[in-house]
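Work through the exercises below with the sequence and the structure open. Each task is followed by a solution in steps.

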Amino acid sequence: MSKEQSTVFRAWEATIRKTQAAKKRANSIFGTISIAHAEDDNDDENDNRNSAEPFHAEKILPNGDYYTGQWYDNFPQGQGKYLWTDGCMYVGEWYKGKTMGRGRFSWPSGATYEGEFKSGYMDGIGTYTGSNGATYRGQWVMNMKHGHGLKYFSNGDWYDGEWRRGFQEGNGKYEWKNGNHYVGEWKNGLMCGKGSFVWTNGNKFDGNWEDGLPKGNGTFKWLDGSFYVGNWSKDSSEQNGTYYPSDSSVEDLEWDPQDVYKVHLSDSQVCPGERVSILPSQKKLAVWNSSKGGGGEKPRRMSVDGRVSVGIERAFDRMNMWEGEDNTSAGDRGRFSDADLLGLQVEEGVPKMMPIMRLPKACKRQGETISKGHKNYELMLNLQLGIRHSVGRPAPSASLDLKASAFDPKEKVWTRFPPEGSKYTPPHQSTEFRWKDYCPLVFRTLRKLFKVDPADYMLSICGNDALRELSSPGKSGSFFYLTNDDRYMIKTMKKSEAKVLIRMLPAYYNHVRSYENTLVTKFYGLHCVKLNGTTQKKVRFIIMGNLFCSEYTIHRRFDLKGSSLGRTTDKPESEIEATTILKDLDLNFIFRLQKAWFQEFCRQVDRDCELLEQERIMDYSLLVGLHFREVSPNGDLITSGMRTPPGETENDDGPRLSRADMDQLLLDPDMWSRIKLGINMPARAERTVRRSDCEYLLVGEPTGELYEVVMFFGIIDILQDYDISKKLEHAYKSIQYDPTSISAVDPKQYSRRFRDFLLKIFEEEI
């Protein structure tokens, strides 16, 4: 008996007493089994290992789990059954310790999934039957309903159609137990878009839906042929339309369209899905080290998608990923030299040691509150009065299809605000001023498109809380103001910038309407305050969304253009704070996104850059914010492990998540709705280092050191066109510096360089 086999046998002997319950449960499920004498078993296993073929095994594992089936190199391989001590069970195909192929997973609650698995995930075609009797048969991707599927709910409802990330999204039909049904478009599990709702009494609604309710143009038809056409809204003040009776119907119908919301749809709520306590990919396997490695190492638990259990670990335990995925011995793979563990590098020109990364020092809340006595206090009051007037002014409900006249540069409204008040303006304590709204209908519709509630918008900007002025103006000389709730940023702007925005407004509007995931800045309003007096000073400003308004603390901020000249922050590390904006040459990460997000990111960057190139815009940048998810009490960043070298990864098409607790995200489908492209995005940041002889290299060399992050990013500063001043700047700097390193270049060249740079710092997770 070998030393390794002896160790295993002693472990089995020591735990057999406390696993009697697991054994009895296994016998009741699989039938009575017999376990041969350990020495005989080991001799047989040695013979089988020498034959390099899978063999049949029956094992009670050290933690009490039970496995019977094909076994190879101390991993389930082929057909097998695995019973966990908590009652979960998998029966089906295995590949190198992972559920891969067809199988059946059952929960203690009685819920089951039968279908295809990839790398531990429910992935492919499969059927889920819940403990409450609900069933879903269709396509799955990474444990989520994704693709076409048919679901029967426990209350008798059913849905047949498209799914995305666990929610109904796309085209589908939902039928309620009472016989009512809806056929049309869905989004995030709710009726949204164009669709038809048919009641069992024959009445029907055809039109637009939003958040599960009629919204916008629509027609309600009665069985007798009469119908009501109009603009629909749950807000009765926005509801308007016309009733058209049929020949056989009553001419004067006493009917309130709001009854559709209050009565007709009250018993037609979409049934919520069932949540499971744990996902198959979160289940751990109690396995021994590969037989190809050295003996005597402590057993570790591994999840069925190949990740080592985190538990309570030493600092570098996560590197010991003995998954047996290739011919490299697990023991060798798990052993790192002291130089490896300490981050020492031996390549010439690379620093000998990478210091542990720490969070930047904490700082007080950004900006100075504008209180009475501040030089811009009067301007703030004027701004708030003007916004309250513009947003609160009654206006008919606008269609998203705007006429060309709405974008006319002459489409602006001047309003005088005397201190004593007027017919349209309230009295105020400021001096008299005039207020201008540029293209008011367009920006009102943009706010609607961006789902901004008018009351919340006014409360954020014009509430009792004062605005905050950022400490210093930007490079352009503009001042920035933040609302107290951090939702909106207000920027003063030059006349030339206002002209650029008005010129590109039709293209911008069509773009953000067509692409919901656009990364370009969201604009909510363009205004001007003209102060009376001798100076007749005009202050133009734009209201934008604040990209970093989040429940997460933003630990690092980067402004990235893809150029190198002057693209560094002249601050020592000790002075860098969480609000410090770092630049291209300060960047020391590349970002790894999930496959679907990375593909959408590439597509959207192309679309956004095409818009900006078409509008002759340049000098824009990608603003990136990072929240590090794991930080030690003393402020050190905790790595999530080391990236597996390219030559050691298994070549399969199975989906991969960045880490185990990403599965928790899947357990709560509501969290997906808060994740958008560039907003609340889970990702992994891989640390990079620049060689000492290449300090102006834009992208450093990857070190394999990974950090779990939540990312925020968007394209900002999109109002600089390639005017004569930028052309002169380009000509002047090109004489002194490398033309490819400067920011001021032709929009076509800028767009190409910007895209190429982003595809170097963003990569697909492998």
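**Exercise 1.** Which residues in α10 meet which residues in α11?

Solution. The model is predicted, so local features need pLDDT of at least 70 and side-chain atom pairs count only at pLDDT 80 or more, while totals for chains, interfaces and linings use all residues. Residues are numbered from 1 along each chain as its sequence is written, and side-chain values use heavy atoms, with hydrogens and water left out.

Step 1. Helices (H or I, at least four residues) and strands (E, at least two) are DSSP runs, numbered from the N terminus. A contact is a pair of heavy atoms within 4.5 Å.

Step 2. From α10, M504, A507, Y508 and H511 take part; from α11, their partners are Q604, R607, D608, L611, L612 and Q614.

Step 3. Sorted by type, the residues of this contact are five nonpolar, three polar and two charged. Here Ala, Val, Leu, Ile, Met, Phe, Trp, Tyr, Cys and Pro count as nonpolar, Asp, Glu, Lys and Arg as charged, and the others, Gly among them, as polar.

**Exercise 2.** Describe how the axes of α10 and α11 are arranged.

Solution. Step 1. Axes are lines fitted to C-alpha atoms, for helices over the stretch in contact, and angles run from 0 to 180 degrees between N-to-C directions.

Step 2. The axes of α10 (residues 495–514) and α11 (residues 595–614) come within 10 Å and cross at roughly 165°. That makes α10 roughly antiparallel to α11, a term for angles over 145 degrees.

Step 3. The crossing of α10 past α11 is right-handed, meaning that the near helix is turned clockwise from the far one by less than a right angle.

**Exercise 3.** At what angle do α7 and α9 pack, and which residues meet?

Solution. Step 1. Helix α7 (residues 377–392) packs on helix α9 (residues 454–462) at about 175°, and the two axes are 9 Å apart. The pair is therefore roughly antiparallel.

Step 2. L383, Q384, I387, R388, V391 and G392 of α7 meet P454, Y457, M458, I461 and C462 of α9. This contact has eight nonpolar residues, two polar and one charged.

**Exercise 4.** Is α8 largely enclosed or open, and what packs against its buried residues?

Solution. Step 1. Buried means under 20% relative accessible area, exposed over 50%, and partly exposed in between (1.4 Å probe, protein chains only).

Step 2. Helix α8 (residues 440–449) has ten residues, and seven of them are buried, so the helix is largely enclosed by the rest of the structure. The buried ones are P440, V442, F443, T445, L446, R447 and L449.

Step 3. These buried residues pack against α7, β21 (412–417), β22 (433–438), α9, α10 and β26 (523–531). After α8 comes K451, with a positive phi near 60°.

**Exercise 5.** Where does D211 lie, and is D211 buried or exposed?

Solution. Step 1. D211 is in the loop between β14 (204–210) and β15 (213–221). Its phi is positive, about 55°, although D211 is not a glycine.

Step 2. With 51% relative accessibility, D211 counts as exposed.

Step 3. For K96, in the loop between β4 (89–95) and β5 (98–106), phi is also positive, near 50°.

**Exercise 6.** How many disulfides does the structure hold?

Solution. Step 1. A disulfide is a pair of cysteine sulfur atoms within 2.5 Å. The structure holds zero.

Step 2. C602 is buried at 19% relative accessible area, and C609 is buried at 0%.

Key
Parallel < 35°, antiparallel > 145°, perpendicular 65-115°, else oblique.
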